[in-house]
Amino acid sequence: MRFGKRACTFLIIFVLIFQSIGCAALERSHSPGRANVSPLVEQWRDEVVLIASELGLEAYVELILAMIAQESGGDSSRHPDIMQSSESAGLEPNSITDPVESIRQGMRYFSGLLEKGKAAGVCEKTILQSYNFGEGYINYIKNNYDGVHSEASASAFSVTMAQRLGWSNYGDVKYVEHVYSHMFVGGADFNLMRAVMDEYEGVPYLFGGDSLFGIDCSAMSRRIYQAAGITLPRTAQEQYNITTHVDYSQAAPGDLVFFTGTYNAGRYITHVGVYVGEGVFFHAGGSRCQYSSLTGYYLEHFVCFGRK
């Protein structure tokens, strides 16, 4: 632990309103999918399921397994405190010597954070980040960021706490992203997707192109999905037609992001990218392949997210 908007809408105003709400209402788990963890972590699934049934955390089993993977570095044999939960029990770091007790204490603590998060009206990502930062992060996000977590808010909190404690740094500002990296997204491994994005970043945009010498938006999304073993049709409109359209509130890394009216294409969907989280998506757009924020021009032309 180490403390240290509905389905596709054509009304842009609705999108703007929903984005302003962000993830402030916590009604259910919006985690990306199922855990993608090593056998050394997967071996604890039965224990997690059992404890989850006792604590009412059944909807969070996959997320908790991903948390164990992050806290243990994927190798839960290295140290028995596999959820790094000793401090949440008021103990010295890594002083829990039974993996099952580490899981139980970690899940108790997470359950308490969920209760506090619901009462405060903050989003699930805030609660997840607070597992790393401590429960003070919940009120900080409620009071300063309208209940919505982002990497920027996490960085600000980290700096504040480090200064207050006289430390050089405080916690993992990308804890949410790191936990989600241990999960499959709609059956796809987002790590494989992200590797393709990083490979193609800066490659020139070329209408009709499909290589490192130049590529267009739908070829880029298709190539990203191919890396995760998923086949998409060639055009953005076709990709829109065969995907399940997802609420903004449920958008997860790996989802497609669809846009309309970006040029006169004679069809409704004219552009597509792949969501990476925190309001950012990757696409072949403008002059090159790049990461862009779902704001301004892109928000004005936004249609919905899609999941295969």
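Residues are numbered from 1 along each chain as its sequence is written. Local features need pLDDT of at least 70, side-chain atom pairs count only at pLDDT 80 or more, and totals for chains, interfaces and linings use all residues, while side-chain values use heavy atoms, without hydrogens and water.

**Exercise 1.** Find which residues have pLDDT below 50.

*Solution.* Begin with the whole chain: its mean pLDDT (the predictor's confidence in each residue, from 0 to 100) is 86, and 87% of its residues reach 70 or more. Next, look at residues 2-31, where the pLDDT is below 50. Where pLDDT is low, the predicted coordinates should not be read in detail.

**Exercise 2.** Describe how helix H10 and helix H11 cross.

*Solution.* Helices here are DSSP runs of H or I with at least four residues, and strands are E runs with at least two, numbered from the N terminus. First, locate H10 at residues 190-200 and H11 at residues 217-227. Their axes (lines fitted to C-alpha atoms over the stretch in contact, with angles from 0 to 180 degrees between N-to-C directions) come within 7 Å and cross at roughly 135°. That makes H10 oblique to H11, as angles under 35 degrees count as roughly parallel, over 145 as roughly antiparallel, 65 to 115 as roughly perpendicular and the rest as oblique.

**Exercise 3.** Work out how strands S8 and S9 pair.

*Solution.* S8 covers residues 280-285 and S9 covers residues 288-293. They pair (DSSP finds at least two bridges) in the antiparallel sense over six bridges. Within this pairing, Phe281 stands opposite Ser292 in S9. Finally, turn to the hairpin, with two residues between the strands: there Gly286 has a positive phi near 70°.

Technical notes:
Contact = heavy atoms within 4.5 Å.
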